[in-house]
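Here is a short briefing on side-chain contacts.

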Amino acid sequence: MAGTSDLIKAIGQAIIEALRPRSSARRPTPRKPSTPRSTGTGTGSGRDYPGDFRGPPVLTYDPHPVSLPDPGEVVWTWVPYEEDHSRGKDRPVLIIGRDGDWLLGLPMTSKDHDRDAAQEASEGRYWVEVGRGPWDSSDRVSEVRVNRIIRVDPNGVRRVSAALDKARFDRVADGVRRHR
């Protein structure tokens with residue numbers, strides 16, 4: 001019967017997507033990402049990384065209960081290292097908006113930066129705690145880095161974990177505005 005429930009779930013998601021209002025921007029369909037490259041400027045999807053987003057972002061909260069990544073949702077994807085965009089690792093990211101056909105996201109961590117907030121600030125890193133969620137299989141408290149906005153290739157998203165509730169998203173948005 002597992003196959004039947006999967007089919008019913010897929011049909012339900014297709015109906016939701018069909019009834020969902022369409023925006024003028026075409027949303028790319030995610031596909032299974034390739035393995036991140038150790039050379040070049042990969043994004044985990046074979047697409048070159050154009051660099052971190054600069055400037056003031058248009059912050060958007062618009063999660064939808066379908067498989068496409070939306071602003072307001074936590075996704076797992078390849079995140080380039082800040083000091084070397086040709087390298088990176090798979091980690092959770094809070095999607096906060098769009099830049100053309102790229103998503104804009106904030107890297108997340110389960111490391112507690114409250115104890116070393118002054119040291120982190122002296123290095124130019126600012127964090128907002130968002131608590132626990134299904135993006136962390138160990139149920140640890142997570143923090144979002146609010147002053148580094150990465151571009152995320154929608155085709156490089158490995159999975160959508162969960163939508164952040166509006167109150168926590170608004171706290172993160174306030175942190176982005178304060179530290180950008």
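Asp112 is partly exposed, with a relative accessible area of 33%. Its salt-bridge partner is Arg115, with the closest N and O atoms 3.5 Å apart. Arg115 counts as exposed, at 74% relative accessibility. Here buried means under 20% relative accessible area, exposed means over 50%, and partly exposed lies in between (1.4 Å probe, protein chains only).

This is a predicted model: local features need pLDDT of at least 70, side-chain atom pairs count only at pLDDT 80 or more, and totals for chains, interfaces and linings use all residues. Residues are numbered from 1 along each chain as its sequence is written, and side-chain values use heavy atoms, with hydrogens and water left out.

**Salt bridges**

- The structure holds 14 salt bridges. The term requires a side-chain nitrogen of Lys or Arg within 4 Å of a carboxyl oxygen of Asp or Glu.
- One of them joins Arg148 and Asp52, at 2.7 Å from N to O. This pair links distant parts of the chain, 96 residues apart. Arg148 lies in the loop between β5 (142-145) and β6 (150-152), and Asp52 in the loop between α1 and β1. Helices (H or I, at least four residues) and strands (E, at least two) are DSSP runs, numbered from the N terminus.
- Both Arg148 and Asp52 are buried.
- Asp136 and Arg140 also meet in a salt bridge, at 2.9 Å from N to O. Asp136 counts as buried, at 11% relative accessibility. Arg140 is partly exposed, with a relative accessible area of 42%.
- Arg47, Asp101 and Asp153 are linked in a network of salt bridges.

**A charge over a ring**

- Arg47 has another contact to check. Its charged end sits over the ring of Trp102, 3.9 Å from the ring centre. The criterion is NZ of Lys or CZ of Arg within 6 Å of the ring centre and within 35 degrees of the ring normal.

**Aromatic pair**

- A search of the whole structure finds 1 aromatic pair. Tyr61 and Phe169 form it, tilted, at 5.1 Å centre to centre with 55° between the planes.
- The pair links distant parts of the chain, 108 residues apart. Tyr61 is in the loop between α1 (2-19) and β1 (73-80), and Phe169 is in helix α3 (residues 166-179).
- Rings of Phe, Tyr and Trp (its six-membered ring) pair if their centres lie within 6.5 Å; planes under 30 degrees apart count as stacked, over 60 as edge-to-face and the rest as tilted.
- Tyr61 counts as partly exposed, at 28% relative accessibility. Phe169 counts as buried, at 3%.
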